Amino acid sequence: MSRNSDRRGEQTRPRLGLELVQGASAAPAPDPSEELRRRMMAGASSTGAWSHLAALQRIADENGGHRASPGPGYDASVEYVAAVLRAAGYAVSTPTYPLPKRRRPRSGDRTCRNVVAQTRSGDPGRVVMVGAHLDSVRKGPGVNDNGSGVGGLLEIATRLGSTPPIRNAVRFAFWGSEEDDLKGSTHYVKSLPRRDRKRILLYVNLDMIASPNAGYFVLGGEGKTAAKAGPPGSAQVACVLVEHLAAVGIVAKTITLDRESDYAPFIAAGVPTGGVMAGDRWKKTRRQASRWGGRAGERFDPNYHTRHDRLAHLDRVAMDRFTRAVAGAVARFAAGSPVEHAQKREQHAN
Ligand SMILES: [Zn+2]
């Protein structure tokens, strides 16, 4: 299925005519978007992401053992992420969202911040969006949940750079208050003007990608109802993620979307959506252990939402595979949207 969609994708590239002409000569014309994708998959790694994870662990240690929003550990996480992205040349903003009454400090801010960064190249009218929640629970430092997603995204963003040769703009989002009913992402999506919301081609979510007893799950496209499978186009997004995990040697399992992470408001807004995760409180089956390794009958992350969710317990190999796979998928999405191809096909069929 993914191979077919790939082939159809090739046909819609405007470069095709030129390639045919140049096909007569000995050297094939280099495809800059394919080169970027290869470079991203080869370059992005857990080695690069690890320094970010170490920084988030340190921030939690210095701020009462967690990075929950609102709170000083969360503020320090926001400053850290924004600084990394600014140093990489991105246009960075920290849009606010209102805190629920029970979370407002007696004196001080009634709002909290997300972090949003966008490439300076690519069409800003066609945005590929990729996000991870930046907050932890109050019970622990949240280095897998979701320092891992944040570290992976920062590695991808810094490897991509702020002015890559891409067709669509790429926007990275780091959400607050995910652990508090998805407050940060929900407010962001709802408060976007309709025109801006329509500019988002697709959304990819990273939440827990270094679970110690790792599984390899791709969310989207699975299930009979639109609520579970995601809006039209979500299956194509999931397919590209599955394909890129295959490229790092993993046969991923596709699973349904739910309301458990920051993709929920994007689904509600009709944006084609996918996600990756290495598993949380659920137990690994025997079949999954024979497919991916690890311990059957034990939780994917035994430290889920506890003080033991620390850097020392993360699966660096899983972190590496997910980071490379998502890096390749982001480069592919930035070169052209598989969703757009799917919609064009539907129009032709009608
Ligand atoms: Zn999470």
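**Sheet and helix packing in a predicted model**

Strands S5 and S6 belong to an open sheet of eight strands, whose order is S1-S4-S6-S5-S7-S10-S8-S9 and whose pairing is mixed. At the edges of this sheet stand strand S1 (91–93) and strand S9 (253–255), and because each has a single partner strand, one side of each is left without a neighbour in the sheet. From one strand to the next, the twist averages 20 degrees. Helix H10, residues 234–247, packs on the sheet, where it touches strand S7 (200–206), strand S8 (217–219), S9 and strand S10 (273–277), and the direction of H10 makes about 35 degrees with that of S10.

From the sheet we turn to the packing of helices against one another. Two packed helices are described by the angle between their axes and the distance between the axes. For helix H5 (residues 72–87) and helix H6 (residues 143–160), the axes come within 9 Å and cross at roughly 15 degrees. Since angles under 35 degrees count as roughly parallel, H5 is therefore roughly parallel to H6, and H5 passes H6 in a right-handed crossing. On the H5 side the contact involves Val 81, Val 84 and Leu 85, which meet Val 150, Leu 154, Ala 157 and Thr 158 in H6. The residues of this contact of H5 with H6 comprise six nonpolar and one polar, with no charged residue.

Helix H6 also packs with helix H13, residues 316–335, at an angle of about 45 degrees, and the axes of H6 and H13 lie 10 Å apart. H6 and H13 are therefore oblique to each other, and the crossing of H6 and H13 is right-handed. To this contact H6 brings Ser 148, Gly 152, Glu 155, Ile 156, Arg 159 and Leu 160, while H13 brings Met 319, Phe 322, Thr 323, Val 326, Ala 327 and Val 330. Here the residues of the contact of H6 with H13 divide into seven nonpolar, three polar and two charged.

Note on methods: Residues numbered from 1 in each chain as written. Predicted model: local features only at pLDDT ≥ 70, side-chain atom pairs only at ≥ 80, totals over all residues. Axes fitted to C-alpha atoms, helices over the stretch in contact; angles between N-to-C directions. Helix = DSSP H or I, 4+ residues; strand = E, 2+ residues; numbered from the N terminus. Parallel < 35°, antiparallel > 145°, perpendicular 65-115°, else oblique. Left-handed = near helix turned anticlockwise from the far one by under 90°. Contact = placed C-beta atoms within 7 Å. Nonpolar A, V, L, I, M, F, W, Y, C, P; charged D, E, K, R; others polar. Pairing = 2+ DSSP bridges.
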